[in-house]
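User: Please walk me through how to read the contacts in a model like this one.

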Protein chains: 2
Amino acid sequence: MTDAVDCDIRQSLDRISSQMRRNYSESLRELNLYVGQDNLLYRLWLGDGVTQMQLCEHLKCEPPTVTNMVKSLEQNGFIYRKRDEKDARIMRIFLTDKGKELETPVEIKWRQQQEKLLKSISKKDRLILKQLMQQMESNIL
Amino acid sequence: MTDAVDCDIRQSLDRISSQMRRNYSESLRELNLYVGQDNLLYRLWLGDGVTQMQLCEHLKCEPPTVTNMVKSLEQNGFIYRKRDEKDARIMRIFLTDKGKELETPVEIKWRQQQEKLLKSISKKDRLILKQLMQQMESNIL
DNA sequence: CAATTATATTTAGCAGACTAAATATATCAC
DNA sequence: GTGATATATTTAGTCTGCTAAATATAATTG
């Protein structure tokens, strides 16, 4: 009977991710961002002019979620939208200067969050952890 | 430079928990529950007549979140609310029969979810994983 | 006992996330 | 080329979650 252990892992995972989200959310508010918006911007930092469908793919979420996130980010002046000239169904998303400027500060926040999470875990254990998480990731797809 | 590894862990954690949430949400819809409501009910299965503040404590969320969850669960007939007789500020939450009946089916869902997540991970590795997660959990509090 | 302070809950408003259904545009097939 | 189908996005409505502010009641303190 390993049920107790299994259950602890599932619940533990849940607690960690929600606590992380809370901490991270608070931290991002200093940059006037909401949690999740950083990941959308990250896709744009890799390259502008992406469609909303591509953002869905990257964020692994549904189209209406992207519509709302994009609307919010646009209203706050981090991005702007432009309809594709060849295919009028498509909206292409671009960074404003204000959006570009966030790259470095967000990366710093990421690093801080990472360091806090993995503090006091050895390099060797981090590798093991990473492998186990990759295993879990492929299990639930 | 272990930054790449650290980053993978943080992102991996995020991907796992959101994918878990998605899968789990879908699974719970079969019982007419939304994700998170099971955890609120779980507290009630341990013992009825709890206050909303105690539910906050258990769910690790803010009072307005509990207000909404309780409202939704009440409207769907899983719980009912009763004002405390001695202290009129307090609302006490009780399970209906419909709410009590969900205990077993929800536990089955939990077990299914756990098994899927940890499939192909050895007993030994599960123990290591559990310890590493406890470490992370205490890191971010 | 009246005024202040503390506690429990609710309301309003916003964010991410979802589904189902609507809209707009493109493409494909006849 | 017109009609059916496919694709991209939006709208409406739901949920969990949050913060800030309002409300109601209780306890404390002068």
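User: How many residues does the contact take from chain B and from chain A?

Analyst: Two residues are in contact if their C-beta atoms, placed from the backbone, lie within 7 Å. Here chain B contributes 43 residues and chain A 42. This is a predicted model: local features need pLDDT of at least 70, side-chain atom pairs count only at pLDDT 80 or more, and totals for chains, interfaces and linings use all residues. Residues are numbered from 1 along each chain as its sequence is written, with chains lettered from A and ligands numbered from 1 in the order in which they are written.

User: Which element gives the most to the side of chain B that touches chain A?

Analyst: Helices are DSSP runs (H or I, at least four residues), numbered from the N terminus. On that side of chain B, α1(B) gives the most, with 16 residues.

User: What rotation superposes chain B on chain A?

Analyst: Copies are superposed by least squares on the C-alpha atoms of residues with pLDDT of at least 70 in both. Here the rotation is 180°, with 0.0 Å of shift along its axis and an RMSD of 0.0 Å. The two copies are therefore related as by a two-fold rotation axis. The same surface serves both copies: 98% of the contact residues of chain B recur in chain A.

User: Which residues are closest to DNA strand C?

Analyst: A residue is near a strand if its C-beta atom, placed from the backbone, lies within 6 Å of it. DNA strand C is surrounded by 25 residues, the closest being A:C61, A:P64, A:A88, B:Q52 and B:P64. α4(A) gives the most to this surface, with five residues.

Conventions: Helices (H or I, at least four residues) and strands (E, at least two) are DSSP runs, numbered from the N terminus.
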